Amino acid sequence: MKKIMKRISALLLGAAVLAGSSTVAYAEKGYTYNYDWWEDVQYSPDLYEVTGVFTATDMGLEDKLSGPQGLYVCGSMIYICDTGNNRIIELERTKKDSFECRRIIDSFKGDVEITTFSSPTDIAVSEDGCFYIADMNNQRILKLDKDLNYLMQFDQPVDSTIDPASRFLPNKISIDTAGRVYCAATNINQGLIKYEPDGAFSGFVGATEVTYDWTDYIWKRLATKEQRAKLASFVPTEYSNLYMDAEGFIYACTSNVTEDDLADDSAKPIRKLNLMGTDILIRNGPFAPIGDLWWNGENSGYDGPSLFSDITALENDIYVALDKVRGRLFGYNDQGDMVFTFGGAGNMDGYFRQPSALDHMGHDLLVLDSVDCSVTVFSTTEFGGLVYEAIEAFQNGKYYESGEIWKEVLKLNGNYDLAYIGIGRSLLRQEKYHEAMEYFELKWDDENYSKAFKQYRKEWVEEHIVLIVLALFLVLCLPLAVGRVRKIKHEIDTADIF
Amino acid sequence: MIAFLNKKEVFTHYLATLKYALYVITHPFDGFWDLTHEKRGSLAAANTILFLTLLARVMKLQFTSFVFLKVYWEGINIFLYIASVLFPLALWCVGNWGLTTLFDGKGTLRQIYMATCYGLTPYPLIQFPLIAFSNVVTIDEAEFYGVLSVISLLWAALLILAAMIQIHEYTVKKTLLFTVATGFSMLVMIFILLLFFSMISQGIAYFISVGRELLFRM
């Protein structure tokens, strides 16, 4: 649907004819893919491969996990919220493909009534080793020190917009370096709850501004009371998960999106919030980061758009979102271009039954499946490693090297649009504008093309300034000269001296 | 000798009528009146303008900078693309003629066609330089491109309207009314054509299936 919109808008300029319906076979032809500028699926070599799928036995646990919801990675330590068994499992990744259980946390010491957990859904660990645990059914967020002594707890925020009688269900939490706690709670749609380090509630962050559309107004005026009740009310976002990146920005995702909003790009299922709670995610890609661009297609096999349940951001500013509908992982770079998509629903390694949480360890991705009760670890392939290397080289200012690595990437996958644009950007930095233009044109990157062309045009004009002035001079003076000659000729012709 | 002279005269007449298009686009009311009443236009020139319009549209696809026009080549059928101008034009002429003859329109089908084609003049006139222009500007200067592109279409539309006023000897109000009515008549014609073709294909499909059935039984 989006694609057809885009094509129409592109071709309206030329008022071209759309011949045939643009159906792209969308059956599973490959594991990893990307979209090109036209939003056609381009299959790609895998960027990630499965290192292992780890169940409770592989982690050295006696009993099976039960509906695990939360996953947190801190250095080489991994914390899993075993929600159904009311415990938290602390693992250490000793080798690339092995985990060892360090602790099973199912209670803590301290001067509170309940010293066990009830459906812990998320955990975060601060730099000094304190645990923050979303203890959902005990309606609190706990702060424990590293030896599991109770320090404090964060309760239902006291605010006029929250009914004190309602249950407080903290679902997902994140902490910043100063010890502030951000929480996405069930049934709270004013945004993320923000607590100061001392436990005081200090407001909501990242609430969507409620937009008002005059067509909605007209519809509401025309509708009967019953119809009006059925119309979607303007409900702001309820975040499904959040991730605090190294720079202190919160990546948040929401599954509260409508298909119409996704189709016209007004839905923003992934957001990057700054301290003020403003969305600063860069969406410069040819399509917005919304997950799969195709849904409801005859061949897509899935009903409805991608709904994100978790998000994580790598150190190189690539963020990965987890689609719980399709069991797919979507990676985007800092400009909003899609880097990869892979995964699927199923029982094989690398496919998921109900993925619930996602985190990363270096470049590796860890996905927690709450039905399969396992953690899948993905590591980069040679191709994926090269892509990351190229992106990181560019970020570190090694533009020439970045271009060379992108060329290696192209050898592995000639259909990878980011490689062409990457080479172009590298050439642009090397001031080889004309070559850069060619690469950008190949992949329809008009913004970067214009940047390169502007410089190229400037160079061209500077080189040919003499010619240009000469041409201008001729254009301006030739008619004058011709006019003069004609006038003289006319005078001679009409003169009656002969 | 006479044949040659004749040919030359025909040619100069053709050139004169073609050149007259430039006068028409700047003096529409005057120009369209003289176009038919003073026989200052010719069908050959009208055909040429139409051809240039089609050429401009096709060349635009290939030569406009991709910054302004991104073409999904897999979806382009050049014949269909040309037909996307010719077919509505034919419908317009026939529809307009059919309606206006019933309501005191003075124009003949030939005149309507000629005047409409003359009205298209601004399109190739602006679009050809625009193709070159698009290759020397960046996306920051896209507004110039957009505005000029819109002007070429708007100008042509206004000229065609003026042409209808003059050749049918209508008032402005009546022309506007009949322009809208022609639009509806075009829709009706498309509807009938669709009906016709779908009926034909249904009929053919019926006989094919009867034939198949016979072959199976024999």
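In this predicted model, ring pairs join A:Y31, A:Y48, A:F340, A:F342, A:Y351, A:F352, A:F378 and A:Y388 into a cluster. Rings of Phe, Tyr and Trp (its six-membered ring) pair if their centres lie within 6.5 Å; planes under 30 degrees apart count as stacked, over 60 as edge-to-face and the rest as tilted. Over all chains, this rule gives 39 aromatic pairs. One of them is the edge-to-face pair of A:W38 and A:W444, with 5.3 Å from centre to centre and 80° between the planes. A:W38 sits in the loop between β1 (32-35) and β2 (41-44) of chain A, and A:W444 in the loop between α8 (433-442) and α9 (446-463) of chain A, so this pair ties together parts 406 residues apart in sequence. Helices (H or I, at least four residues) and strands (E, at least two) are DSSP runs, numbered from the N terminus. With a relative accessible area of 7%, A:W38 is buried; buried means under 20% relative accessible area, exposed over 50%, and partly exposed in between (1.4 Å probe, protein chains only).

Because B:F103 lies in the loop between α4 (78-102) and α5 (109-119) of chain B and B:F178 in helix α8 of chain B, the pair ties together parts that are 75 residues apart in sequence. B:F103 is partly exposed at 42% relative accessible area, whereas B:F178 is buried at 8%.

Charges also meet rings. The charged end of B:R57 sits over the ring of B:Y81, 4.6 Å from its centre, and A:K443 lies over the face of A:Y420, at 4.8 Å from the ring centre. Here NZ of Lys or CZ of Arg must be within 6 Å of the ring centre and within 35 degrees of the ring normal.

On the surface, a nonpolar patch with about 1200 Å² of accessible area together includes B:F87, B:V180, B:F184 and B:L187. Patch residues have over 30% relative accessible area and no salt bridge; nonpolar side chains (Val, Leu, Ile, Met, Phe, Trp, Tyr) are joined within 5 Å, like charges within 9 Å. A salt bridge is a side-chain nitrogen of Lys or Arg within 4 Å of a carboxyl oxygen of Asp or Glu. Helix α8 (residues 172-217) of chain B gives the most to this patch, with 11 residues. B:F184 lies in that helix and counts as exposed at 55% relative accessibility.

Residues are numbered from 1 along each chain as its sequence is written, and chains are lettered from A in the order in which they are written. Local features need pLDDT of at least 70, side-chain atom pairs count only at pLDDT 80 or more, totals for chains, interfaces and linings use all residues, and side-chain values use heavy atoms, leaving out hydrogens and water.

Notes: Accessible areas come from the Shrake-Rupley method with a 1.4 Å probe; for residues, only the protein chains shown count as cover.
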